[in-house]
Amino acid sequence: MKRRAFLLTTGAALLATPLVAASCGFDICRSDAEWRERLSENEYLVLRKEDTERAYSSALNQEWRAGTYQCRGCDLPIYSSEAKYDSGTGWPSFTMSLNNAVGTKEDRKFIFQVRTEVHCRRCGSHLGHIFDDGPEPTGKRHCLNGLSLVFVPAV
């Protein structure tokens, strides 16, 4: 019985471990030291430790020019300004990502709640979460941390 409890506890701990590029499986892999050198402390906490920035703290909430939002971790274009909308939540929100730009996984950090986490498919950086309360055409709300994005205006 003790062995079963140990195996269940160990398995649960492994499943709860954040998805990070250090274990790789992504196109871009960097050491923890390389990520810390590349990112500010708050960016590191969001992109690599799956933290969440404060609501209404990102200047990208007020960004409405045409352009592309790139992953701060690797510069992969991930969202178009055409898919951006004001969700009223305090985080940059989009109805959909660009094709083949993001990956998802279950986020079970909260008891009795399963969310869908979204990350960059190229470097594994944490971007935010996807919810089923968005507008048409997808009905999805990609609720993102502004710290995980870099806006590049259209030319």
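## Basis of the description

Helices (H or I, at least four residues) and strands (E, at least two) are DSSP runs, numbered from the N terminus, and by that scheme arginine 65 lies in the loop between helix 3 and strand 1. The model is predicted, so local features need pLDDT of at least 70 and side-chain atom pairs count only at pLDDT 80 or more, whereas totals for chains, interfaces and linings use all residues. Residues are numbered from 1 along each chain as its sequence is written, and side-chain values use heavy atoms, with hydrogens and water left out.

## The sheet

Strands of a sheet pair through backbone hydrogen bonds, either parallel or antiparallel. Here an open sheet of six strands has the order 3-4-8-7-6-5, with antiparallel pairing, where two strands pair if DSSP finds at least two bridges between them. Its edge strands are strand 3 (84-85) and strand 5, each of which pairs on one side only.

Strand 5 (residues 102-107) is joined to strand 6 by six bridges, the two running antiparallel, and valine 102 has cysteine 120 of strand 6 as its bridge partner. Strand 6 (residues 115-120) is mostly covered, with five of its six residues buried; buried means under 20% relative accessible area, exposed over 50%, and partly exposed in between (1.4 Å probe, protein chains only). On to strand 7 (residues 126-131), strand 6 makes four bridges, again in the antiparallel sense, and histidine 119 stands opposite histidine 126 of strand 7. The hairpin of strand 6 and strand 7 has five residues between the strands, and within this hairpin glycine 124 takes a positive phi near 80°. Strand 7 also pairs with strand 8 (residues 141-144), antiparallel and over four bridges, and isoleucine 130 has histidine 142 in strand 8 as its bridge partner.

## Salt bridges

With a salt bridge taken as a side-chain nitrogen of Lys or Arg within 4 Å of a carboxyl oxygen of Asp or Glu, the count comes to nine. One of them joins the side chains of aspartate 27 and arginine 121 at 3.0 Å, N to O. This pair links distant parts of the chain, 94 residues apart, with aspartate 27 in the loop between helix 1 (2-16) and helix 2 (32-38) and arginine 121 in the loop between strand 6 and strand 7. Aspartate 27 is exposed, with a relative accessible area of 60%, whereas arginine 121, at 28%, counts as partly exposed.

Glutamate 43 and arginine 72 meet in another salt bridge (3.4 Å, N to O), and they too come from distant parts of the chain, 29 residues apart: glutamate 43 is in helix 3 (residues 41-49), while arginine 72 is in the loop between strand 1 (67-71) and strand 2 (77-80). Glutamate 43 is buried at 13% relative accessible area, and arginine 72 is partly exposed at 25%. Arginine 141 and aspartate 133 form a salt bridge of 2.8 Å, N to O, in which arginine 141 is buried at 10% relative accessibility and aspartate 133 is partly exposed at 49%. Salt bridges that share partners also join Asp32, Arg36 and Glu41 into one network.

## Arginine 65 and its surroundings

Arginine 65 is partly exposed, with a relative accessible area of 47%. Residues up to four places away in sequence aside, arginine 65 touches Ser81, Phe151 and Pro153, contact meaning heavy atoms within 4.5 Å. Arginine 65 and valine 152 are 87 residues apart in sequence, yet their C-alpha atoms are 9.4 Å apart in space.
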